[in-house]
Number of protein chains: 2
Amino acid sequence: MSLRSDPDPLADALLRPVRAGNAFEETLARLLQAIRLGLAAPGERLPPERDLAARLGVSRVTLREALHALQEAGYVESRRGRYGGTFVRSLRPTHPTPPAPAFAADVEDVITLRHVLETGAAEAAASRSLDPTTRRHLRTRLAECTGAGVADYRRRDARLHLAVAAAAAAPSLTAAVADLRARLDALLDAIPPIGANIEHSDHQHRAVIDAILDGDPQAARAEMAEHLAGTATLLRGFLT
Amino acid sequence: MSLRSDPDPLADALLRPVRAGNAFEETLARLLQAIRLGLAAPGERLPPERDLAARLGVSRVTLREALHALQEAGYVESRRGRYGGTFVRSLRPTHPTPPAPAFAADVEDVITLRHVLETGAAEAAASRSLDPTTRRHLRTRLAECTGAGVADYRRRDARLHLAVAAAAAAPSLTAAVADLRARLDALLDAIPPIGANIEHSDHQHRAVIDAILDGDPQAARAEMAEHLAGTATLLRGFLT
DNA sequence: CCCCAAAGGATCAGCACGAGCCCATTGGCA
DNA sequence: TGCCAATGGGCTCGTGCTGATCCTTTGGGG
């Protein structure tokens, strides 16, 4: 008998589970994340069920199960008839997501992956010649963060970081950052809300966006790295 | 009617398909990639079906369908009885995978994502204090590349790059690099085999690994970036 | 020499999911 | 005022997938 429990990282990467869960769970997670990131602002309407189901590659039955769950949790509200639809509720959910226990290994995984993905995205975005729409998007998201209170800061921060990833114009990279953000949010849910360093974050955000808009990849990477280091320290501190 | 076909990268990232395909297809793809990367060397045995099914999070029936497909394609061979199992065949498959048509957008996506992930992984690996096993692994993989012919170069190259990712000790990052490699291999299948610059690649590989083993993150990143640029140019040239 | 553990091979019931279809509701528009 | 298009609500049927159970093969050890 060997005592090793199989510490082969290659095998672990290659033979990891093919599915993260059942269709319902994954759909629910996606929708939740989409709402958290403000794909539709409070009061706004989500795409019609038929469109959503098609985009998520899931049957309408499954999608509706997920929507019902969200409705019961108080995230959305459905209205029938023409010009009806599923609307995001403005009030916070009645059953806030209970913070899941965080494992140290997962924390380090998220921190490392985030550093790699997001500094890389910032660099890539700064390396491209951005079209006016993208430039405006970045400025808008930055401005939204600057004016945010503690309550809404995380959502706007997420949108800004997503915008940076999107500016790199690599769909897979954007998707990876979105997925990662979901994991990061789950970790952040488990630590007390800190409002102290929002101002500090805002300065860093501005520096990142300026470097990207100026087309300075090195600076964009460096500023993003410094920014991420703050969150990393926070996570390590609370979730040892 | 608006003419825009929905160019919202945030929505695209958040509402992308929940499943890449059915369980059989995904299982087949995983096994194929595992074999291509030499999870088990030719003549060696894959894990027992029950273990494999558990690790892939798939029923044994589905796993066996995938294994049968691989068997018919000539990749593996099954033997019954104790000390039996599913063995990787040494001969090349009878039905080589037909190269899929490559789309320019996908090529740029892979190139960008690869730059981000793999330069990031190299930097992260160089930033850690690597344990002796990992250091030896890196040296071994490097040596394997140096001695490879045209036929086997790609597999060994893939293993080296995977080893670098694994050295970063972030499972998600390793998984992401493995997934990316599958997409990259699909693109490389569509271009004629080039044997000319293997020597050049080997020098770059050595520089990357040296930087990692020396604990020099900047150098590791820079060397990896230069190395990846070569493949990127190759891909852009053949798959415009 | 025989038994048994470990592997692949096969089958079945049950459920989750998808595709398609129709119904119910609503507000704008002719 | 009535029609109609667009939306959510609900149903059924087919099937892919799972979990369990049992069978078959094979080689090593008692």
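Predicted model: local features only at pLDDT ≥ 70, side-chain atom pairs only at ≥ 80, totals over all residues.
Residues are numbered from 1 along each chain as its sequence is written, and chains are lettered from A in the order in which they are written. Local features need pLDDT of at least 70, side-chain atom pairs count only at pLDDT 80 or more, totals for chains, interfaces and linings use all residues, and side-chain values use heavy atoms, with hydrogens and water left out.

## The interface

Contact means heavy atoms within 4.5 Å. The area buried between chain A and chain B is about 4400 Å². Carbon and sulfur atoms give 61% of that area. Buried area is the accessible area (1.4 Å probe) that two parts lose on being put together, summed over both.

Six salt bridges are counted between chain A and chain B. A salt bridge is a side-chain nitrogen of Lys or Arg within 4 Å of a carboxyl oxygen of Asp or Glu. The rule for polar contacts finds 20 residue pairs across this interface, both residues at pLDDT 80 or more. A polar contact is a pair of N or O atoms within 3.5 Å; within protein, one must be able to donate a hydrogen and the other to accept it, and residues adjacent in sequence count only if both atoms are side-chain atoms.

Helices (H or I, at least four residues) are DSSP runs, numbered from the N terminus.

## The core and selected residues

The largest nonpolar core has 95 residues. Such a core is a set of buried Ala, Val, Leu, Ile, Met, Phe, Trp, Tyr and Cys residues joined through side-chain atoms within 4.5 Å. Buried means under 20% relative accessible area, exposed over 50%, partly exposed in between (1.4 Å probe, protein chains only). A:Leu173, A:Leu235, B:Leu173 and B:Leu235 have the most contacts inside the core. B:Leu173 touches residues of both chains, among them A:Leu113, A:Val116, B:Leu117 and B:Ala121.

B:Ala125 lies in helix H5 of chain B. B:Ala125 is buried, at 0% relative accessibility. The C-alpha atoms of B:Ala125 and B:Ile212 are separated by 6.2 Å, although the two residues are 87 residues apart along the chain. B:Ile212 is also one of the contacts of B:Ala125, as are B:Leu130 and B:Val164.

A:Arg221 lies in helix H10 (residues 217–238) of chain A. A:Arg221 is buried too, with a relative accessible area of 10%. A:Arg221 touches residues including A:Glu123, B:Glu123 and B:Arg221.

A:Pro171, in helix H8 of chain A, is exposed at 56%. The C-alpha atoms of A:Pro171 and A:Arg221 are separated by 19 Å.

A:Ala169 has a positive phi of about 60° although it is not a glycine. A:Ala169 sits in the loop between H7 and H8 of chain A and is partly exposed, at 44%. B:Ala169 also has a positive phi of about 60°.

## Salt bridges

The structure holds 35 salt bridges over all chains. Four of them are listed here.

| Pair | Closest N to O distance |
|---|---|
| B:Glu26 and A:Arg19 | 3.4 Å |
| A:Asp152 and A:Arg156 | 3.0 Å |
| B:Arg236 and B:Glu108 | 2.6 Å |

B:Glu26 forms its salt bridge with A:Arg19. This pair crosses between chains, from helix H2 of chain B to the loop between H1 and H2 of chain A. B:Glu26 is buried, at 16%, whereas A:Arg19 is partly exposed, at 22%.

A:Asp152 and A:Arg156 are separated by about one helical turn, because they are four residues apart in helix H7 of chain A.

B:Arg236 forms its salt bridge with B:Glu108. This pair links distant parts of the chain, helix H10 and helix H5 of chain B, 128 residues apart. B:Arg236 is partly exposed, at 39%, and B:Glu108 is partly exposed, at 33%.

A network of salt bridges links A:Arg154, A:Asp157, A:Arg181, A:Asp185 and A:Asp189.

Key: Helix = DSSP H or I, 4+ residues; strand = E, 2+ residues; numbered from the N terminus. Lists of a residue's contacts leave out its neighbours within four places in sequence.
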